[in-house]
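Here is a short tour of a helical protein model for you to follow with the viewer open.

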Amino acid sequence: MIDNLVFSMNTALPIFIVMLVGLGLRKGGVIDDSFVKTANVFVFYVALPIKLFYDVSQTNFLEAFDGNLLSFLIVATLAGIVISWLVGKTITKSPAQLGAFIHGCYRGNFIYIGFSLMENITGSLHPKVPIVAAVMVPLYNILGVMILSYTATAPNTVDRIRKTVVSIFRNPMVLSIGAGILASLVSLPIPLFLARTMGYFSALTTPLALIAIGASFVLGKSMKSLKSSLTASMLKLVILPLIAVGAAIHWGFQGDDLILVYVLFGVPTATTSYIMTVALKGDSDMAANIIMITTALSVVTMTIFVFAFKSMGII
């Protein structure tokens with residue numbers, strides 16, 4: 001049992017230590033808003049796309065593609081939204097709060113924190129992960145626009161959805177994964193010097209992204225919606241992951257597939273949920289609170305889940 005606990009702590013704690021370093025550097029004045037903004041842009045447009053392209057190009061796409069897993073993840077996400085909607089209707093005080101509540105419950109920081117956790121658990125990024133990201137990230141965006149437009153006061157819902165769909169095909173992550181899939185299908189040879197160059201960018205992606213997340217970590221402007229925010233955080237970190245993993249076990253998924261299901265549903269709420277909530281006139285205070293609470297508490301919940309998986313022999 002002690003060995004399992006040590007393994008769990010060694011898996012989750014490094015992620016948060018790096019984030020705390022980012023917070024400390026920000027508080028100490030070593031880095032500022034300009035650095036955080038530049039780092040986020042660099043990771044999103046340069047380092048992460050290179051990492052995703054290289055990872056996908058080096059896998060056998062036809063073997064890695066799993067339609068059953070993707071179908072399960074899509075259905076589980078929609079089910080999670082329905083559960084969040086039903087719970088949110090009972091405790092939120094306005095449609096704007098309801099939208100932020102639902103968005104915060106289903107949209108996890110899968111790309112940055114999820115990738116890091118998966119690598120720490122399995123030792124490498126599972127071949128299915130980029131393919132799952134290529135499907136789920138666009139789905140998250142479309143669902144976010146639909147939910148926030150329906151519950152908030154933002155006009156022109158159809159136009160916003162159209163623009164979101166168009167932006168998906170310009171998303172550097174989607175483009176890099178698509179290019180990686182093509183490279184995999186044609187068995188494109190990558191010269192050693194390019195492979196090593198992309199390896200440098202891949203190694204840079206995770207620590208820089210985590211430092212930027214930590215440096216961006218600030219207390220929400222208002223804690224008036226604390227009860228609703230805590231409930232959303234409990235759904236995001238505990239209840240929905242338990243339901244998703246339990247359903248995945250019932251449907252016969254095992255090993256790394258189960259870890260991938262947990263990572264998708266159990267990581268803290270993505271910071272992009274705040275940006276979208278503000279843009280679509282949702283409750284920005286609740287969105288910020290959910291991000292803050294889930295990020296702070298996930299070090300505990302992720303450690304517990306990894307410990308459970310290790311004890312059950314799943315990993």
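Predicted model: local features only at pLDDT ≥ 70, side-chain atom pairs only at ≥ 80, totals over all residues.

Residues are numbered from 1 along each chain as its sequence is written, and side-chain values use heavy atoms, with hydrogens and water left out.

The protein has 14 helices and 0 strands, where helices (H or I, at least four residues) and strands (E, at least two) are DSSP runs numbered from the N terminus. Of its 315 residues, 51% count as buried, that is, under 20% relative accessible area, with exposed meaning over 50% and partly exposed in between (1.4 Å probe, protein chains only). Among contacts with a separation of 6 or more, 84% join residues 24 or more positions apart; a contact means heavy atoms within 4.5 Å.

**The core**

A nonpolar core is a set of buried Ala, Val, Leu, Ile, Met, Phe, Trp, Tyr and Cys residues joined through side-chain atoms within 4.5 Å. The largest one has 67 residues, and Leu-73, Phe-110, Ile-111, Phe-115 and Val-261 have the most contacts inside it. Helix H7 (residues 128-151) gives the most to this core, with 10 residues. Beyond its neighbours within four places in sequence, Leu-73 is in contact with Val-132, Met-136, Val-261, Leu-264 and Phe-265. Another core, of 9 residues, lies apart from it, with Ala-100, Leu-235, Leu-240 and Ala-287 among its members.

Ala-248, in helix H11, has a relative accessible area of 0%. Leaving out residues up to four places away in sequence, Ala-248 touches Phe-72, Phe-253, Leu-258 and Val-261. Ala-248 and Leu-69 are 179 residues apart in sequence, yet 8.9 Å apart in space, C-alpha to C-alpha. His-103, found in helix H5, is buried with a relative accessible area of 1%. Not counting residues up to four places away in sequence, His-103 touches Gly-144, Leu-148, Ser-273, Met-276 and Thr-277.

On a 1 Å grid over the protein atoms alone, a cavity is a set of points where a 1.4 Å probe fits but cannot get out, and a pocket is an open set with protein on both sides within 12 Å along at least five of seven lines; lining residues have an atom within 4 Å of a point. Grid points are joined across faces, edges and corners, and a volume is the space filled by probe spheres set on the points.

| Space | Volume | Share of lining from H4 |
|---|---|---|
| Second largest pocket | about 230 Å³ | 8 residues |
| Largest cavity | about 70 Å³ | 3 residues |

Of the 15 residues lining the second largest pocket, Phe-72, Val-75, Ala-76, Ala-79 and Ala-247 are the closest to its centre. Its lining divides into 12 nonpolar, 3 polar and no charged residues.

The lining of the largest cavity includes Ala-76, Cys-105, Lys-236 and Leu-264.

Notes: Nonpolar A, V, L, I, M, F, W, Y, C, P; charged D, E, K, R; others polar.
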